[in-house]
Amino acid sequence: MYFCGLDIGSCMSKIVLIDENEDIVYYKSSKSGFEIRKTISNLYESVLKDQNIRKDRVKYIVATGYGRNVALAFFADDKVTEITCHAKGVHKIFPNCHTVIDIGGQDSKAIRLDIDGRVSTFVMNDKCAAGSGRFLEVMSNAIGVSVDDLGLLSMRSKNKATISSTCTVFAETEVISMIASEVNREDIIAGIHDAIATKVSALTRCTGIEDEVVMTGGVAKNIGVVKSLEEKIGHVVYVPPEPLITGALGAALIAKDRYITSQGL
């Protein structure tokens, strides 16, 4: 038996397949794009093809993220909020986690977990691009550097720049002005990471910060942001081996739980 979790985000869609022992059998991610239904279908079909699994062996599918309603109408068995799924997925990997910081493409979240890994409170910023992956994309375009290279470049900074604006548009103007003034590129990037960390740390303090702190989402792959965040909150920040898939993993785990309940097992 297999159980599937789909996390359809605004920028990236992720899929995780687990077996009855809750071991990850397969995972994959791709850009969500405009045709969400096609993206979901391609991800799911790739699971079946790559793992040579018949559809009837996947017993339950749970969808989460922005596109969960599309997935539910298309072929998922149920939908669950991304907050619950992230909590479930992170708790599986880090059983002692009490604070989850998720920075996605368009939003950021701080989630507080109780001793059993359940959500006790959360705060989300989905009204402003600052403190999100989109902020990094805008800044990387302004500097002319790939998003994937920002983390290591920022670690070379000797004199971190200060970006005062909390608005993405105005912050971009500041960065362009710094470039014109020949401010060191690495220092600008370090300042960008510091600006994100400042925004996200303020969000996290609203829920209370308690060890262990785990960061998820695509931005968690940026070592510069992780280090800046550690400085701001005064805690070690742990990152899962693949920080993009914790929501999908949580959805898959919930899929298994709901299937067992539905079968009276």
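Begin by selecting Phe94, which counts as buried at 14% relative accessibility (buried means under 20% relative accessible area, exposed over 50%, partly exposed in between, with a 1.4 Å probe and protein chains only). The model is a predicted one, in which local features need pLDDT of at least 70 and side-chain atom pairs count only at pLDDT 80 or more, while totals for chains, interfaces and linings use all residues. Residues are numbered from 1 along each chain as its sequence is written, and side-chain values use heavy atoms, with hydrogens and water left out.

Next, colour the aromatic pairs, of which the structure holds three; rings of Phe, Tyr and Trp (its six-membered ring) pair if their centres lie within 6.5 Å, with planes under 30 degrees apart counted as stacked, over 60 as edge-to-face and the rest as tilted. Select Phe3 and Tyr259, whose ring centres are 5.7 Å apart and whose planes meet at 50°, so the pair is tilted. Phe3 lies in strand β1 (residues 2–8) and Tyr259 in helix α9 (residues 246–262), so the pair ties together parts 256 residues apart in sequence; helices (H or I, at least four residues) and strands (E, at least two) are DSSP runs, numbered from the N terminus. Both Phe3 and Tyr259 are buried.

Phe94 sits in the loop between α3 (82–93) and β6 (99–103), whereas Tyr238 belongs to strand β10 (residues 237–238), 144 residues apart. Tyr238 is partly exposed, its relative accessible area being 35%.
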